[in-house]
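Please open the model in your viewer and keep the selection tool at hand. The tour below moves from stop to stop, stating what to select and what is found there.

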Amino acid sequence: MAPTTPQEPGLSAVPSYEEQQSQSRFDALIGDDSRIEPRDWMPEPYRKTLTRQISQHAHSEIIGMQPEANWITRAPSLKRKSILMAKVQDEAGHGLYLYSAAETLGTERDELNDQLLTGRAKYSSIFNYTARNWADMGAIGWLVDGAAIANQVPLCRASYGPYGRAMVRVCKEESFHQRQGFEILLSLSRGTEKQKQMAQDAINRFYEPSLMMFGPPDDQSPNSAQSMAWKIKRFSNDELRQRFVGMIAEQVKVLGLTLPDENLHFDEEKKQWIHKDLNWDEFMNVIKGNGPANAQRLERRREAHREGAWVREAATAYAAKQEQSEVA
Amino acid sequence: MSQKSNWPLWEVFVRSSRGLSHVHAGSLHAPDKEMALRNARDLYTRRNEGVSLWVVRSTDIITSDPDSKDAFFESPQGKDYRHATYYKASEGVKHL
Ligand SMILES: [Fe+2]
Ligand SMILES: [Fe+2]
């Protein structure tokens, strides 16, 4: 008898009895708000969606190191420098936790890495904006990490076990990221008139892009419904954006600064925040690769990977040598 | 474009303090056991999360089959007399 190759579920026209059984077990686990673990059967689209989402999330953490790493050497004090280094180091860790989680779905690390280096993979478009001055470290921590946290907290309950557990770890570590950014802005806002202006200018530039981090409005986000049915996503893009804008609208008052959104207000009747229209054409354009720093970010990532090649080779050679002498 | 490294995968277990057991924290790639241990320290204990680390090659871990879960773990089913709460008659008796 010829060896049977496992058939990819979903490809055959008629699901087998086993497939139907597996599908109903999967549906029951999701229905019970339980978790799916790596060795459980899962529908192929679920696996694909998660692999894409988790790896894109990992790439975002890795690329996201760049705008801030760029300011480490120019931090205004040793304390700020240590803090910024710790934060960037955390983002590297987040990337690694997430790559590990993605790998449990069956795609190897090298393949995921390749997808990023060859430009086949996407990452959060916010990191294609440049960080021009020190105040941007404040705005990034407060607004960009703030939006990331608002997005990530519900992901701790994602239906896929390894993703949820990675997010729990990430969220614990994120808590200081937003605060250190806020405190940078607070110091500037209490400084000279020029420093205050710097802080305001940074907020002006990062406000809209941070609101767009939650993704397109619900009526233009075709895959959201499926993600919510699978309990990967727990809240819609607009719900999360609402929650976030409500929080920063209050927080900005403590800074004595303003959000660049004159008509931002809470509509008591609709029970929702009304914010300015976001420029989704720009968002799509940046995703397509035409943002201020897309090319630079990817090139820097490739360069870092190239520069690390000798380290990887040396480590591999050393490991092989060790193994040989152990055998001998 | 990138050279494949194919470093093996390692599972990381962290003991958070003396007297507690090691708990699975995640996994990582490393070329050998020493690097696996060092990377595990850098990746999973940046905030004093642990006083001890284990790393195990993922391929060395034997797991039970998730699909045969019911049959495999059948034995304790219906044996609630293994729990103290089963013994109702002695409820309320002091120091028992
Ligand atoms: Fe992060
Ligand atoms: Fe962060």
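A residue is called buried under 20% relative accessible area, exposed over 50%, and partly exposed in between. The model on display is predicted.

**Stop 1**

Select B:Tyr86, which lies in the segment after helix H2 (69-72) of chain B. Its relative accessibility is 44%, and B:Tyr86 therefore counts as partly exposed.

**Stop 2: strand E1 of chain B**

Next, select residues 9-15 of chain B, which make up strand E1. Five of these seven residues are buried, so the strand is largely enclosed by the rest of the structure.

**Stop 3**

Move to chain A and select the iron ion (ligand 1). Its coordinating residues are A:Glu61 (OE), A:Glu91 (OE), A:His94 (ND1) and A:Glu174 (OE), at 2.1 to 2.3 Å. The four donor atoms subtend angles of 82 to 158° around the iron ion (ligand 1), and the arrangement is therefore irregular. Along the sequence, the donor residues follow the spacing E-x29-E-x2-H-x79-E. Distant parts of the chain are linked here: A:Glu61 belongs to helix H2 (residues 44-63) of chain A and A:Glu174 to helix H7 (residues 161-189) of chain A, 113 residues apart. Both A:Glu61 and A:Glu174 are buried.

**Stop 4**

Select A:Glu91, which bridges the iron ion (ligand 1) and the iron ion (ligand 2); the two ions lie 3.4 Å apart. The iron ion (ligand 2) is coordinated at 2.0 to 2.8 Å by A:Glu91 (OE), A:Asp145 (OD), A:Glu174 through two OE entries, and A:His177 (ND1). The spacing of its donors along the chain is E-x53-D-x28-E-x2-H. A:Glu91 in helix H4 (residues 78-103) of chain A and A:His177 in helix H7 of chain A are 86 residues apart, so that this pair too links distant parts of the chain. With a relative accessible area of 5%, A:Glu91 is buried; A:His177, at 0%, is buried as well.

How values were computed. Residues numbered from 1 in each chain as written. Chains lettered and ligands numbered in written order. Predicted model: local features only at pLDDT ≥ 70, side-chain atom pairs only at ≥ 80, totals over all residues. Heavy atoms only, no water. Helix = DSSP H or I, 4+ residues; strand = E, 2+ residues; numbered from the N terminus. Buried < 20%, exposed > 50% of the residue type's maximum accessible area, 1.4 Å probe, protein only. Donors = N, O, S within 2.8 Å, 3.2 Å for Na, K, Ca; no water. Tetrahedral: all angles 85-135°; square planar, octahedral: opposite > 155°, others 65-115°.
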